[in-house]
Amino acid sequence: GGGHSSCGHFFGSSCSGIGSCSGSSSCAVGDGAVFKWEQEHWRLLRASHLEAELTNRPLTVKGLVSSMRQLERQLADNGLPLSSFHAQALQGILFKALAPLVDLNPTVTKPSQQLLRLLQLPDSYNPNKLPAGRQVLPAGPKNTNKDAPVHLPVEKDAVRLQASGEAVFAADVAAGLAGSVLYLAGIHSSEALALVDGVDATQALAAPGVVGCITAADIPGINTVMKAPLLADGKVEYVGQLIGLIAATSQTAADRAATLVIVKYKQHPSRTPIITIDQAIASDSFYEIDSPLLAAVGVKRQSEHNISQTSWQRVTLPSRADCVSNDSTTAWHHANRPNAEIDDIDKIIAAAPLQIKGATYRLPSQQHMYMETQTAVAEPQEDGCLKVTSATQSLDAVQQAVAAVLRLPFHKITVVAKRVGGGFGGKASRPMPVAAAAALAAAHFGAPVCYSLNRNVDL
């Protein structure tokens, strides 16, 4: 059995086919069972060639690879290219189902390195002897929260709720509001740098389940979050920039309607978008960021419009004598001793005993891969107040962003963060525009609103 996590369709053990969304009224799975879900139509694709490949044959590595290729061809013939989400998900289901059954008797066959990499298995993988582990922790003190020393095991807070699936995350709040909650989907820019010449949401508004469309003109307060527009107004600066929001009675309806919105663009006077840091320096294009950290260490630019590798003013650092090392503890002593002053970076580098010349190192892009994507649920309350459930590490920042966009005093905005859903720093500032968008829609439509980014948009 497998399933589709975003809509709740499950393929029972009696199902001999593979399902995929196509978009209309009902779903037939297994022994004639029919499920209705958001008026979606599901195709039941029977992988007959794949069945023939597997029937009455020993399942070897070669056979599994051949089966995967057969599935690829049949999916492609039915309009599902290998690069599509559904094709990859279905291949993953097949992999998980068949891989433990593969005959890897070393006297008969040896697993291909490609297959082992795909399965993320070691060379010595043996499905009949799967690795297992067990850890037994001694019981801690009776009053764990008060008396447990650092070296004794302490049960993680709410670990039993998380392990059992009972823990409530931000998106789960919307599930509890079924029937009254609206869902948002973003209208995103397809241009890296352009002027917006018009937004036509006529087709989207006529789609089933759609309640309305929000653009920058609907913002009652300040259209700025983290020094950037919440909704693009007049121009876009990067592919994926949020231009508007579609609200609908289901997430699927909102997502589909958002694709029907037509955005017209005109060429930006700058013509060429700035993509790299080198291009930004050459074009004298910089974001002005007031950094308390830079101010604290005395780093300032010599010119507002002239930056190069050596155009920073003097940096004052503690001298070696100010740093005292004691075992594993290092303490900085701010005594009245002379500090080491760096006046000329080039001279310091020239005098260095070890130098690396003629080499360039560029940091690759990185993404925060937390478990729950950026999510917020906004609920109108009495007296014009709003309750915002946000997967955030910075509740006060979310409150300020929502208040600014809606032009409301702080005391009318209550922010709740039951669980972050994984953060690693990625839930420190990025929840602000998501929560502000959800709150804007909730205030605009007078209804609870859930805005949960899918993984592609989130990344």
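**Close-up 1. Contact residues of helices H13 and H14 in a predicted model.** Ala397, Val398, Ala401, Val402, Val405 and Leu406 of H13 meet Pro431, Met432, Ala435, Ala436, Ala439, Leu440 and Ala443 of H14. By class, this contact of H13 with H14 holds 13 nonpolar residues, no polar ones and no charged ones.

**Close-up 2. Packing geometry of H13 and H14.** Two packed helices are described by the angle between their axes and the distance between the axes. H13 spans residues 395-406, and H14 spans residues 431-445. Their axes lie 9 Å apart, and the helices pack at an angle of about 45 degrees. The crossing of the two helices is right-handed.

**Close-up 3. An open sheet of 7 strands.** The strand order is E9-E11-E7-E20-E17-E18-E19, with mixed pairing. E9 and E19 (413-416) stand at the edges. Each of these two has a single partner strand, so one side of each is left without a neighbour in the sheet. Neighbouring strands are turned by 25 degrees against each other on average, direction ignored.

**Close-up 4. Strand E11 and its two partners.** E11 covers residues 242-248. On one pairing, 6 bridges join E11 to E7 (residues 182-188), and the two strands run antiparallel. Leucine 184 has alanine 247 of E11 as its bridge partner. On the other pairing, E9 (residues 210-214) and E11 are also antiparallel, over 4 bridges. Here cysteine 213 stands opposite isoleucine 246 of E11. In E11, 7 of the 7 residues are buried, so the strand is largely enclosed by the rest of the structure.

**Close-up 5. Pairing of E17 with E20, and H14 on the sheet.** E17 (residues 375-380) and E20 (residues 449-452) pair in the antiparallel sense over 4 bridges. Valine 377 has cysteine 450 of E20 as its bridge partner. H14 packs on the sheet and touches E7, E9, E11, E17, E18 (386-390) and E20. The direction of H14 makes about 30 degrees with that of E17.

**Close-up 6. Helix H9 across the sheet strands.** H9 is formed by residues 251-258. The helix lies across E7, E9, E11 and E20. H9 runs at about 20 degrees to E7.

Technical notes. Residues are numbered from 1 along each chain as its sequence is written. This is a predicted model: local features need pLDDT of at least 70, side-chain atom pairs count only at pLDDT 80 or more; totals for chains, interfaces and linings use all residues. Side-chain values use heavy atoms; hydrogens and water are left out. Buried means under 20% relative accessible area, exposed over 50%, partly exposed in between (1.4 Å probe, protein chains only). Two strands pair if DSSP finds at least two bridges between them. Axes are lines fitted to C-alpha atoms, for helices over the stretch in contact, and angles run from 0 to 180 degrees between N-to-C directions. A crossing is left-handed if the near helix is turned anticlockwise from the far one by less than a right angle, and right-handed if clockwise. Contact means heavy atoms within 4.5 Å. Ala, Val, Leu, Ile, Met, Phe, Trp, Tyr, Cys and Pro count as nonpolar, Asp, Glu, Lys and Arg as charged, and the others, Gly among them, as polar.
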